[in-house]
Amino acid sequence: MITRRTLLATAPAILAAQTSSKELRVAYIGVGNRGSSTLKSLLQVPGAKVVAVCDLDPARVQKAIDTIAQKGGSAKGYADYRKMLEEMKEIDAVVIATPVDTHKNIAIATLELGKNVYLEKPVGIDAAEVDLVEKATRSAKGILQVGFQLRHDPNRVAAMKFIQGGGIGEVIYCHAMRHGGDLPRDTPWLFDKKRSGDIIVEQACHIIDLMVWAIGAPPLRAMGSGGINLYKNVPQGRTIMDNWSVIWEFPNDVRLNFSQIYFDPRGFSGTNERVFGSKGAVDLGKAMWGEVEGRELKKLDVENADKDANYMAMAAFVDNSLGHKTPLANIQSAGLSTRVAVMGRMAIEQKRIVNWSEVIA
Ligand SMILES: NC(=O)c1ccc[n+]([C@@H]2O[C@H](COP(=O)([O-])OP(=O)(O)OC[C@H]3O[C@@H](n4cnc5c(N)ncnc54)[C@H](O)[C@@H]3O)[C@@H](O)[C@H]2O)c1
């Protein structure tokens with residue numbers, strides 16, 4: 001049965017289909033691990049036409065061109081994104097999926113040209129970079145959507161609606177963990193914290209984004225500890241942590257307690273995204289909830305349960321670009337999450353309590 005809730009929940013995909021008479025000509029900058037994955041999702045979205053691909057690695061450009069050709073399209077390949085944008089004035093939108101230390105410059109350059117931009121998370125390496133991207137977005141003609149695709153994941157959407165509708169009462173505490181094996185060793189920039197922002201900014205930012213969304217306010221302060229306890233100099237030159245724990249304190253005595261480790265026996269691995277309220281608690285990723293002191297967990301009603309977060313995020317990007325709408329993962333929300341992650345990293349590195357005022361301009 002189609003209800004008002006169904007309509008609201010399916011809005012991005014349906015609207016994208018409705019606007020398919022309008023076309024969004026998209027270019028990719030960066031088609032490595034992430035870019036090649038969202039490309040496949042974007043190629044399924046009605047109205048999206050990928051017309052150009054740029055990467056420093058010619059083999060990756062060719063692979064992306066082949067993927068586009070298999071779907072009946074054709075795209076031009078480039079190694080220099082400035083040349084691509086100069087030559088192909090017809091490009092309406094750009095997906096940026098390059099290493100984190102390149103986000104700020106590429107995002108600002110594309111926004112200044114009036115393009116609609118999908119910028120992979122996090123917004124930047126530090127608060128100063130977030131400031132600059134925020135400033136460029138405020139004066140841009142196009143929209144900026146950030147790659148926090150979990151905001152479009154059906155389970156998380158259902159859980160967030162439940163929380164915002166008062167299902168667990170007042171939010172009082174959040175607990176998050178992301179425990180697993182180490183990062184892919186063939187991606188050197190990830191292991192260099194100057195390039196990635198370290199794992200708390202590059203990886204944990206996804207769950208931080210969800211938690212801050214649920215809490216609905218920026219934190220007051222952060223405290224924590226972390227380091228390299230197992231993978232010392234593995235791979236060679238590693239500067240990113242293999243474990244950390246941070247507690248952020250929010251207004252009204254709300255705390256977020258988050259741990260991440262990379263040397264987990266796979267049998268233990270997993271993620272928790274738990275938001276606790278005065279009446280019950282919900283795990284966002286699993287869309288399961290239970291009452292305070294209740295013994296049973298219940299599955300929430302999940303609309304679009306068969307849809308994937310990446311498809312939903314790309315469909316929303318097409319719809320937002322064509323309709324000039326503010327994305328759900330917009331620069332305010334994504335800038336906030338990136339700053340919260342940066343705060344946690346500062347607390348660990350500097351071994352002190354870091355206040356919110358230190359990460360805002
Ligand atoms: N949203 C998610 O779930 C998710 C998942 C993984 C990665 N990411 C993000 O996506 C981004 C890319 O990560 P990845 O894992 O794909 O890395 P990757 O190393 O696999 O791919 C990055 C690509 O960018 C290219 N590149 C670098 N500088 C460039 C430039 N100036 N011009 C053109 N191409 C350039 C590289 O050659 C490479 O092919 C990062 O910001 C990362 O944090 C997001």
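Reader: Which residues touch the most other members of the largest nonpolar core?
Author: First, a word of care: this is a predicted model. Its largest nonpolar core has 106 residues, and Tyr28, Ile96 and Met211 touch the most other members. Helix α13 (residues 331-350) gives the largest share of this core, 10 residues.

Reader: What does isoleucine 96 touch, leaving out residues up to four places away in sequence?
Author: The partners of isoleucine 96 include Ile29, Gly30, His103, Ile106 and Ala107. Also among them are Val117, Tyr118 and Leu119.

Reader: What makes domain 1 and domain 2 neighbours in contact?
Author: A pair of residues counts as in contact when their C-beta atoms lie within 7 Å. By that rule, 19 residues of domain 1 are in contact with 22 residues of domain 2. On the domain 1 side, α1 (4-9) and α7 are the elements that give two or more residues, and α1 has the largest share with three residues. By class, that side has 10 nonpolar, five polar and four charged residues. The C-alpha centres of the two domains lie 26 Å apart.

Reader: Why are α6 and α7 called roughly parallel?
Author: Set the angle against the cut-off. Helix α6 (residues 103-112) and helix α7 (residues 127-138) pack at about 10°, with axes 9 Å apart. Angles under 35 degrees count as roughly parallel, and α6 and α7 are therefore described that way. The α6 residues in the contact include Ala107, Ile108 and Leu111, and those of α7 include Leu132, Val133 and Ala136. The contact has six nonpolar, one polar and three charged residues.

Reader: And why are α7 and α13 called roughly antiparallel?
Author: Their axes cross at roughly 175° and come within 10 Å. An angle over 145 counts as roughly antiparallel, and α7 and α13 are therefore placed in that group. Val130 and Val133 are among the α7 residues in this contact, with Ile331 and Val342 among those of α13. Here the residues divide into five nonpolar, three polar and two charged.

Reader: How do you know whether aspartate 198 is buried or exposed?
Author: Count its neighbours: a residue is buried if 20 or more other C-beta atoms lie within 10 Å of its own. Aspartate 198 has 27 such neighbours, so aspartate 198 counts as buried. This residue is in helix α10 (residues 198-202), and has a positive phi of about 75° although it is not a glycine.

Reader: Is asparagine 233 buried or exposed?
Author: The cut-off for exposed is 12 or fewer. With 9 C-beta neighbours inside 10 Å, asparagine 233 therefore counts as exposed. Asparagine 233 is in the loop between β8 and β9, with a positive phi of about 60°.

Note on methods: Residues numbered from 1 in each chain as written. Predicted model: local features only at pLDDT ≥ 70, side-chain atom pairs only at ≥ 80, totals over all residues. Core = buried A, V, L, I, M, F, W, Y, C linked by C-beta atoms within 7 Å. Helix = DSSP H or I, 4+ residues; strand = E, 2+ residues; numbered from the N terminus. Contact = placed C-beta atoms within 7 Å. Axes fitted to C-alpha atoms, helices over the stretch in contact; angles between N-to-C directions. Parallel < 35°, antiparallel > 145°, perpendicular 65-115°, else oblique. Nonpolar A, V, L, I, M, F, W, Y, C, P; charged D, E, K, R; others polar. Domains from an automatic or database assignment.
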